[in-house]
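Me: Hi! Could you walk me through this one while I have it open?

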Amino acid sequence: MEHAVEVEAVGRTFPISGGKQLQALEDVSFVVGLGEVVGLLGVNGAGKTTLTKILATLLLPSSGAARVMGYDVVADTRGVRTSMSVILGGDRGLYNRISGRENLAFFGMLAGVSRRDLRERIPLMLDQVNLADAADRRVETYSKGMRQRLHVAIGLLSRPQVLLLDEPTVGLDPLEADRLRETIHQLRREGTSILLTSHLLLDVERLADRVVMLDQGRVTADLPLRKFAGLAGYAAVVTLTYRGALDLARSLPAGAAVDRHTHEGELSTLVLKLREWSGDLFGALGRLVDDVQIQDIDVRPARLEEAFATLSARRP
């Protein structure tokens, strides 16, 4: 088996008023490799949730086919569900009047985890998501972040081969979010394949190997993370704070474009977008600032959110 998830020409329509059909997905095709993390991006209404529900066997495709670990999502839903966990998060999907530990036991049994494994796995999961101290409290007393962590623990309880993650860090503080990202990294190292959907592009940037972008139900990009970021139209951004005077009209090197140039008192800030990473270009930039006093300099690659914004701006 070469792929954990295979999506082949999947389409999905919904009936709307007047006997018409809404095309939510059209001819969507991509794969998730074994042990790979793929970020699924798109604006609201792009079809991400519809596709996730199809892969989770909660919705039938109107056309095409999808498989998880070789199991067809229509013909072998049991095989799909035993291979995969879905972490949708949010406030719903938990039983508020029982404890976190009891929620784990209940959902673990539904997922087919044996009683013996439950006795071993539940304490481990509670520790992993930092809920051990609140394990025996009713879920109705949990904060939003605690509920999100409980969703994660439930999703990981059955040691899934494939994980569908939808907005996994919503409601988590920065420390909790970093802890969850490290958990996802560990799962990847152990061979778990992950399809990650998030509007928080920092999650995708830190976790994904590849990015698939949906727009109006179609795949508009399927690229490795760095190549996708390059769709912003530049490779790097240089921010320079300095004292003195620069003659940009005469000495700005080819391959660099001024994004912003501001002055405040004696300090000036210059933001340049570089077409590519190049030793020659950085050498030319060094010569550009020879005659000024540099206060601070920052160089960073193009970000995922900048590529996403560029592609989204081209939408009809």
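**Surface and core**

Reply: Happy to! I294 has 40% relative accessibility, so it counts as partly exposed, because that category lies between 20% and 50%. Keep in mind that this is a predicted model.

Me: Where is I294 found?

Reply: I294 sits in strand β14, which covers residues 293-301.

Me: And which residues make the nonpolar surface patch?

Reply: W277, I294, I297 and V299 make it, and the patch is about 390 Å².

Me: OK, going inside now. How many residues has the largest nonpolar core?

Reply: That core has 51 residues. L41, L104, L150, I194, F228 and L304 have the most contacts inside it. Its largest share, six residues, comes from helix α5 (residues 144-156).

Me: What does L104 touch, not counting residues up to four places away in sequence?

Reply: L104 touches L118, I122, L126, L150, A153, I154 and L157.

Me: Switching to the backbone: what is phi of D27 near?

Reply: Phi of D27 is near 55°, a positive value in a residue that is not glycine. Most residues other than glycine have a negative phi. D27 is found in strand β2 (residues 21-33).

Me: What about T57, is it buried or exposed?

Reply: T57 counts as buried because its relative accessibility is 12%, and buried means under 20%. T57 also has a positive phi, about 65°, although it is not a glycine. You'll find T57 in the loop between α1 (48-55) and β4 (63-68).

Methods:
Residues are numbered from 1 along each chain as its sequence is written. This is a predicted model: local features need pLDDT of at least 70, side-chain atom pairs count only at pLDDT 80 or more; totals for chains, interfaces and linings use all residues. Side-chain values use heavy atoms; hydrogens and water are left out. A nonpolar core is a set of buried Ala, Val, Leu, Ile, Met, Phe, Trp, Tyr and Cys residues joined through side-chain atoms within 4.5 Å. Buried means under 20% relative accessible area, exposed over 50%, partly exposed in between (1.4 Å probe, protein chains only). Helices (H or I, at least four residues) and strands (E, at least two) are DSSP runs, numbered from the N terminus. Contact means heavy atoms within 4.5 Å. Patches are made of residues with over 30% relative accessible area and no salt bridge: like charges are joined within 9 Å, nonpolar side chains (Val, Leu, Ile, Met, Phe, Trp, Tyr) within 5 Å. Accessible areas come from the Shrake-Rupley method with a 1.4 Å probe; for residues, only the protein chains shown count as cover. A salt bridge is a side-chain nitrogen of Lys or Arg within 4 Å of a carboxyl oxygen of Asp or Glu.
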